[in-house]
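Hi everyone, thanks for coming. Let's have the sequence and the structure up on the screen and walk through them together.

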Amino acid sequence: MPICITCTTAVDFLYTVYESSYNLRLEQCTNCAKIADFYVEHDALTLLIDLILLKRGVYRHLLYNRGAEPRRSVSGATVDPAAVRRTATEKEQMRWLTVLRFGGPLIFLDVFIRWSHLNPNQPSNVSPWTRETLNAIFRTFVGVTVETIAFHVGVLFACYLVLEIADRIGSRPTMSDIRREFRFSLIPLTLLYSSLTKLFLLFLLTIWQPSPGSPPLRSNLYVFQLFDADEIDREWVVRNVLGGMSAGFGLRVVLDFHPLFTTVIIIAGWVAKTAMSQLVSHWAGGDEQMGEAWLAYSIP
Ligand SMILES: [Zn+2]
């Protein structure tokens, strides 16, 4: 069942379609009287920008409302419960497919960022497609993939434990609509959506690196000095601090839990990812020195 993106109350339909599919009317939420989901009319670019800006509504739209059947204003039309059940199963399969379809390109983007970070100052007059480079990119790809899977498995396992404990101690006597609609496939999807913010910023840092030999940009402002490349590893901060915060934000939307619980879940994911990084860093880096660099970049 779809939900209102403002107050998370379950609604029967998000919009009504009239004679032509271009003629539609957005439904109002019966609880808060706002439009249940205005993202229905928005294009992919707007959704992407709002995902990067960490807007709660777009998460709710993509996780719970995407693909919801509209009300059709044809006289005599009834909703078959079996059809709704089929749709729910199909929705679940669709989500796992989206995880794979969306996760693949994001991993490739992460591989590019990671490889550029570990191999800076590549000569521009030499073709990057040498055997050694391709080998290094492949190792980075395997390393990033297993780390990502370890993080997702760690978070999934921690989510399962936290939900079990919450149910056992009965801390949630009234189950909210968002919790009733919860499926475990939403977790990896949320983590992928929330990783967009950090990947977007890391990509910008990768393509806008200062050229070698150029003087470092100095500022008298203390805040900017904090983010000076000499003072702090900006990419590490974006990857781990911002990445952790945005993942926690995403999990709060989907689990409807106190931030303390989502922080514990993210830490569990980090522990799993760190354990995997320790295992693969030497191989993925290529040698001992690069392995150390890989590990320093990976672990929180
Ligand atoms: Zn509402």
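Let me begin with a question: which residue in strand 3 does T16 stand opposite? That would be R71.

Before I go on, a word on where this comes from. This is a predicted model, so to speak of local features we need pLDDT of at least 70, and side-chain atom pairs count only at pLDDT 80 or more, while totals for chains, interfaces and linings use all residues. Residues are numbered from 1 along each chain as its sequence is written, and side-chain values use heavy atoms, with hydrogens and water left out.

Back to the strands. The protein has three of them, along with 10 helices; these are DSSP runs numbered from the N terminus, with at least four residues of H or I for a helix and at least two of E for a strand. The three strands make an open sheet with mixed pairing, in the order 2-1-3. Strand 1 and strand 3 are parallel partners, joined over two bridges, and at least two DSSP bridges is what it takes for strands to pair. Strand 2 and strand 3 (71-72) are the edges, each with a single partner strand, so one side of each has no neighbour in the sheet.

Now, the metal. The zinc ion is held by the SG atoms of C4, C7, C29 and C32, at 2.2 to 2.3 Å. Donors here are N, O and S atoms within 2.8 Å of the metal (3.2 Å for Na, K and Ca), and since water is not among the atoms, sites may look incomplete. Along the sequence, the zinc donors follow the spacing C-x2-C-x21-C-x2-C. C4 sits in the segment before strand 1 (15-17) and C32 in the loop between strand 2 (24-26) and helix 1 (44-52), so this pair ties together parts 28 residues apart in sequence.

How covered are those two? C4 is buried, at 0% relative accessible area, whereas C32 is partly exposed, at 25%. The cut-offs are under 20% for buried and over 50% for exposed, with partly exposed in between (1.4 Å probe, protein chains only).

Last stop: the unreviewed UniProt entry annotates "transmembrane region" at residues 96-116, 136-163, 184-208 and 249-272. Such annotations may be inferred rather than shown by experiment. In the model, residues 96-116 are 100% helix, with end C-alpha atoms 30 Å apart. Residues 136-163 are also 100% helix, and there the end C-alpha atoms lie 40 Å apart.
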